[in-house]
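Biologist: Got the model open here. Can you walk me through it while I look?

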Amino acid sequence: MAKITTLKLQEMKDKGEKITMVTAYDYSTACLVEKAGIDVILIGDSLMMTMLGDDSTVACTMDQMIHHTKPVVLGAPNTHIVTDMPFGSYNVSKEEAIKNATRMLKEGRCDAVKLEGGREIAETIKAIVDAGIPVMGHIGLTPQTVSMLGGFKVQGKGDAAKDVLEDALAVEAAGAYSIVLECIPEQLGKLITEKLRIPTIGIGGGRFTDGQVMVYHDMVGLFEKFIPKFVKQYINLGPEIIKALETYKEEVKSGAFPGEEHTFGGVLEEELKRLY
Ligand code: KIV
C-alpha cells in the first residue's frame, strides 16, 4: 500500500472518490485503522475528552499532542497523518505558530497539522504553509472556541452561511490543502465543496462533502458522555468489553482462570522436594 499524500487526497477529490478519515490516539488503534484501509488519521485534540476525561479540548498542550502522535505514526506508516494544533499554540503570533507546527512534524513525525478557524487565522495558515508545513483547515463548529460560539450548535444557519463560506475561501486562499467542515447545514457543505478546489471533509457537514471524519471512540461505542446527531455507531464495544472484564473477574475469583494451559513448568520434582 502506497503512502497517502496531500496530492493523492487532491486526486481523490478530482476523481470524485470519497476520502475517509478517523481519529486515533495510540499505536494499537492506528494499526487497526491502517489495516481497514482508512485514508487519513487525525490525532484530534478530542483526545482530551475521549482519552483524558476532560470536559473540553481547551487545556490540551503541545506535549500531549506530540506524545499521542508518535505511536500513531509508528502504527500506521502508510496512512496520511494529521495532528491538531492545540488551543493557544497558534493564536499568539505567527512565529510561535510556525515554531509549534515545526515541532509537531519534527517530534511527532506527522504529515500535516490542523488548525481551527477561518478568516481570522488565514495569515497564520499562510505563514505555516510558507514554512513548508501542510495545513488542514477546520471551520464551522470549532470546539476550541466553543464558548465564543455559544455552545455545541450547528453553525452557518440562515445569514451566517455567508460567513462560513468566506471562512472556507480564506482558508483555501491561505494555502490549506484540505478543510474540515464541522456541524453546518448540508446545503452549505455542498456549496462549499463545489466552490473549493481543495477537498472538504465533513463531520456533521452533510452527504456531499469530499470526505467524512468520525471520532473513533464515538463510532465504536467507547465514549458515552454525549453522542451528537451526526455520529453513526458502527459497533458498540463498550458493553462487550465490560462483559469480558466481568467474566475475567468471575473466573479469577472462582479459580477457573488461569487454566493449566496458561501456566509454566520447568522445576524438577527432586528440586521442589528440597525447596519444600
Ligand atoms: O479533535 C477532533 O477529533 C476533531 C474532529 C472532530 C474533526 O477535530
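Biologist: What does the domain assignment give for this protein?

Modeller: Domain 1 covers 6–239 and domain 2 covers 240–275; such bounds come from an automatic or database domain assignment. Keep in mind that this is a predicted model, where local features need pLDDT of at least 70, side-chain atom pairs count only at pLDDT 80 or more, and totals for chains, interfaces and linings use all residues. Residues are numbered from 1 along each chain as its sequence is written, and side-chain values use heavy atoms, with hydrogens and water left out.

Biologist: How many Å separate the centres of domain 1 and domain 2?

Modeller: The separation is 45 Å, taken over C-alpha atoms. Five residues of domain 1 are in contact with four of domain 2, contact meaning heavy atoms within 4.5 Å.

Biologist: And how much do domain 1 and domain 2 bury between them?

Modeller: About 330 Å², with 53% of it on carbon and sulfur atoms. Buried area here is the accessible area (1.4 Å probe) that two parts lose on being put together, summed over both. On the domain 1 side, L237, G238 and P239 supply 84% of the area buried against domain 2, more than any other three residues.

Biologist: Where do K114 and D84 lie?

Modeller: K114 is in strand β4 and D84 in strand β3 (residues 80–84), so the pair ties together parts that are 30 residues apart in sequence. Helices (H or I, at least four residues) and strands (E, at least two) are DSSP runs, numbered from the N terminus.

Biologist: Switching to helices: at what angle do α2 and α4 cross?

Modeller: Roughly 40 degrees, and the axes of α2 (residues 27–35) and α4 (residues 62–75) come within 7 Å. Axes are lines fitted to C-alpha atoms, for helices over the stretch in contact, and angles run from 0 to 180 degrees between N-to-C directions.

Biologist: Which residues make that contact?

Modeller: Y27, A30, C31 and E34 of α2, with P71, V72, L74 and G75 of α4.

Biologist: How does α4 pack with α5?

Modeller: At about 35 degrees, with the axes 9 Å apart. Among the residues that meet there are M62, I66 and V73 in α4 and R103, M104 and E107 in α5.
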